[in-house]
Amino acid sequence: MSPNLIVAVSFGLLIPSRIVLHAKYGGLNVHPSLLPEYNHLNSPTTRTIPTNSARLPGPAPLHHTLLEGRKTTGVTLQTLHPTQFDKGEIIAQTPYPGIEHDAESVEQLRDLTAPLGAELLVNSIRNGSFVAPVQGTGWYRGDQSLTRFKKASKIGPEDRHIDWASWSADEILRRQRVIGPLWNFAESLVQDESGERRGTRRLIWEHGFRLLQEEFHLFPAIGQPIVVGLSKTTKKVYVRTCDGQVLVPNHIKIEGGATTAGFHAIRARGLAPIPSTVNESQHPAHDFVPFYSRLS
């Protein structure tokens with residue numbers, strides 16, 4: 001028995017052509033951004049879309065809307081293309097240039113766009129605009145020179161891998177909020193019965209960072225964590241970013257271990273030469289110890 005219509009909402013996978021073509025009326029897709037119909041990236045006459053635009057073809061538009069700090073969003077109803085993502089005919093869209101929002105998480109942005117997508121879908125089914133021949137529409141129609149779009153690629157591990165040399169404090173905090181937890185590699189040095197063993201540990205910033213608001217008198221290298229404090233209860237880990245800010249990790253998880261406070265995590269895994277006891281009377285208030293290496 002053949003289906004009449006296939007509906008895909010935030011599915012993230014390409015529905016096989018044998019299924020789409022087998023349905024009497026094909027398929028519909030609700031996509032949470034203002035999609036283009038044409039994408040002539042190799043055309044010499046194209047001109048670039050403004051960076052604050054709401055057009056993001058690809059499987060993760062909500063994430064990229066927030067990661068890029070875009071303040072507008074939208075929803076598109078399109079037909080399902082049998083062989084490509086986001087290449088169907090656009091049937092309906094929310095108004096151009098997009099809907100302003102103040103969402104800070106994917107969940108908040110989804111809550112905003114879901115009712116809009118549902119309304120577009122229900123209206124299309126009621127008025128039969130999905131029945132062939134489909135009359136394409138969209139914000140760009142009549143100006144096909146607006147065709148240079150950024151793809152909202154699927155979020156992967158490297159999107160969470162902090163690049164301390166180029167990511168600002170705001171960028172790190174935003175990524176932590178949207179797709180966290182983030183991670184890095186750090187060199188370790190462990191002493192046991194067989195001597196010293198060097199290695200590399202993966203650090204997962206399990207609960208993110210807080211931006212240091214207090215005055216900080218130390219100037220560690222960018223991406224070089226330091227441990228500051230006199231006792232176990234006051235020791236904290238600090239990391240300087242490329243824009244001169246300082247981040248304090250809330251908790252750290254060393255891959256394969258438990259999530260603990262920063263000081264306890266790095267001490268247990270040999271990431272910095274921290275003594276087991278500290279005589280407070282012999283150490284200045286800002287005594288500090290750096291990690292063996294910068295974060296990579």
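Guide: A definition to start. A pocket here is an open set of grid points with protein on both sides within 12 Å along at least five of seven lines, and lining residues have an atom within 4 Å of a point. Keep in mind that this is a predicted model.

Visitor: OK. Which residues lie nearest the centre of the largest pocket?
Guide: Ser10, Phe11, Gly12, Asn29 and His31. The lining has 26 residues.

Visitor: How much space lies in there?
Guide: About 430 Å³.

Visitor: Which elements give two or more residues to that lining?
Guide: β2, α2 (61–67) and β5. By class, the lining has 14 nonpolar, 10 polar and two charged residues.

Visitor: And the second largest pocket, which element gives the most to its lining?
Guide: α3, with six residues. β2 also supplies at least two. The space is about 160 Å³. Val9, Ser10, Val30, Thr113 and Ala114 lie nearest the centre, out of 13 lining residues.

Visitor: Where does α3 lie?
Guide: Helix α3 (residues 106–127) lies across β1, β2, β5 and β6. It runs at about 155° to β2.

Visitor: Now the sheet. What is the strand order?
Guide: β1-β2-β5-β6, an open sheet with mixed pairing.

Visitor: Why is one side of β1 and of β6 left without a neighbour?
Guide: β1 (6–9) and β6 (90–93) stand at the edges, so each has a single partner strand. Neighbouring strands are turned by 15° against each other on average, direction ignored.

Visitor: How many bridges join β5 to β6?
Guide: Three, and the two strands run antiparallel. Threonine 76 stands opposite glutamine 93 in β6.

How values were computed: Residues numbered from 1 in each chain as written. Predicted model: local features only at pLDDT ≥ 70, side-chain atom pairs only at ≥ 80, totals over all residues. Heavy atoms only, no water. Pairing = 2+ DSSP bridges. Helix = DSSP H or I, 4+ residues; strand = E, 2+ residues; numbered from the N terminus. Axes fitted to C-alpha atoms, helices over the stretch in contact; angles between N-to-C directions. Contact = heavy atoms within 4.5 Å. 1 Å grid on protein atoms, 1.4 Å probe; cavity = no way out; pocket = protein on both sides within 12 Å on 5 of 7 lines; lining within 4 Å. Points joined across faces, edges and corners; volume = space filled by probe spheres on them. Nonpolar A, V, L, I, M, F, W, Y, C, P; charged D, E, K, R; others polar.
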